[in-house]
Amino acid sequence: MIRTENLKKIFRTEEVETTALNQVNLEVNEGEYVAIMGPSGCGKSTLLHILGLLDNPSDGKYYLFGEEVSHYSERQRADLRKNNIGFVFQNFNLIDELTIHENVELPLLYQGASGSERKKRVEETLEQFNLIPRKNHFPQQLSGGQQQRVAVARAVITKPKLILADEPTGNLDSTHGTEVMDSLTKLNEKGTTIVMVTHSPTYADYGRRLIHLFDGSIVTEDVKGKAYL
């Protein structure tokens, strides 16, 4: 599903050049659950943004669903994102002025789904995440854990093949963090591919494969306890 070849990302200002990613070679197969760890500034979020077509690499190749997409136009990237990729961010990114129902419905509006189809799928998804009693509430009326569950529901409403999660438990206590991780695990068990960035070794253990980044490079991988360089 995902393959990168010598992926590189350099950020430049007039005075400073920073290498965020350096020769990253990565493969993620369909149905995998991959966790990415590393210290702050090691390139984790930059890698996730490139995998999610929110940014382009400076050099190297990125294959998604068998196509080389590293130099796609913004329009091409947007079309590929909205039909195939769901995002879950640390800060929830819910729209305060919209109800929970409306927040979850939003990706379907972008896809042009009919009103009846939107209503049916939103109700089904809210039921899946035990959010039906909250559907007419606004984000600020919910706990952090509930807001993140709404964010996950919004990410999966289009039935994406791939979910990219950037520190999805970063703003949550352990109880609510576990709720969100359990939700992601259930999605993976149903076949959704998940790539997650996390600082937490506990939550990283939910993944089947753990990748360690340092100074923009993959230094080790671990497959359920079997480490290799």
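**Exercise 1.** How do the residues of the lining of the second largest pocket divide into nonpolar, polar and charged?

*Solution.* The model examined here is predicted.
Step 1: Identify the pocket. The second largest pocket has a volume of about 290 Å³.
Step 2: Locate its lining. Of the 17 lining residues, Val156, Lys159, Pro160, Leu187 and Thr192 lie nearest the centre. Helix H4 (residues 115-128) gives the most to this lining, with 4 residues.
Step 3: Sort the lining by class. The division is 6 nonpolar, 5 polar and 6 charged residues.

**Exercise 2.** Describe the largest pocket and the elements that line it.

*Solution.* Step 1: State the volume. The largest pocket holds about 470 Å³ of space.
Step 1: Name the central residues. Its lining has 17 residues, and those closest to the centre are Ile85, Phe87, Pro107, Tyr110 and Arg154.
Step 2: Assign elements. At least two lining residues come from each of helix H2 (74-84), strand S6 (85-89), helix H3 (100-111) and helix H5 (144-156).
Step 3: Sort by class. The lining of the largest pocket comprises 10 nonpolar, 4 polar and 3 charged residues.

**Exercise 3.** Determine how H3 is oriented relative to H4, and which residues meet.

*Solution.* Step 1: Take the geometry. The axes of H3 and H4 are 10 Å apart, and the helices pack at an angle of about 125°.
Step 1: The crossing of H3 and H4 is right-handed.
Step 2: List the contacts. Ile100, His101, Val104, Glu105, Leu108 and Leu109 of H3 meet Arg118, Arg121, Val122, Glu123 and Leu126 of H4. By class, the residues of this contact are 6 nonpolar, 1 polar and 4 charged.

Terms used
Residues are numbered from 1 along each chain as its sequence is written. This is a predicted model: local features need pLDDT of at least 70, side-chain atom pairs count only at pLDDT 80 or more; totals for chains, interfaces and linings use all residues. Side-chain values use heavy atoms; hydrogens and water are left out. On a 1 Å grid over the protein atoms alone, a cavity is a set of points where a 1.4 Å probe fits but cannot get out, and a pocket is an open set with protein on both sides within 12 Å along at least five of seven lines; lining residues have an atom within 4 Å of a point. Grid points are joined across faces, edges and corners, and a volume is the space filled by probe spheres set on the points. Ala, Val, Leu, Ile, Met, Phe, Trp, Tyr, Cys and Pro count as nonpolar, Asp, Glu, Lys and Arg as charged, and the others, Gly among them, as polar. Axes are lines fitted to C-alpha atoms, for helices over the stretch in contact, and angles run from 0 to 180 degrees between N-to-C directions. A crossing is left-handed if the near helix is turned anticlockwise from the far one by less than a right angle, and right-handed if clockwise. Contact means heavy atoms within 4.5 Å.
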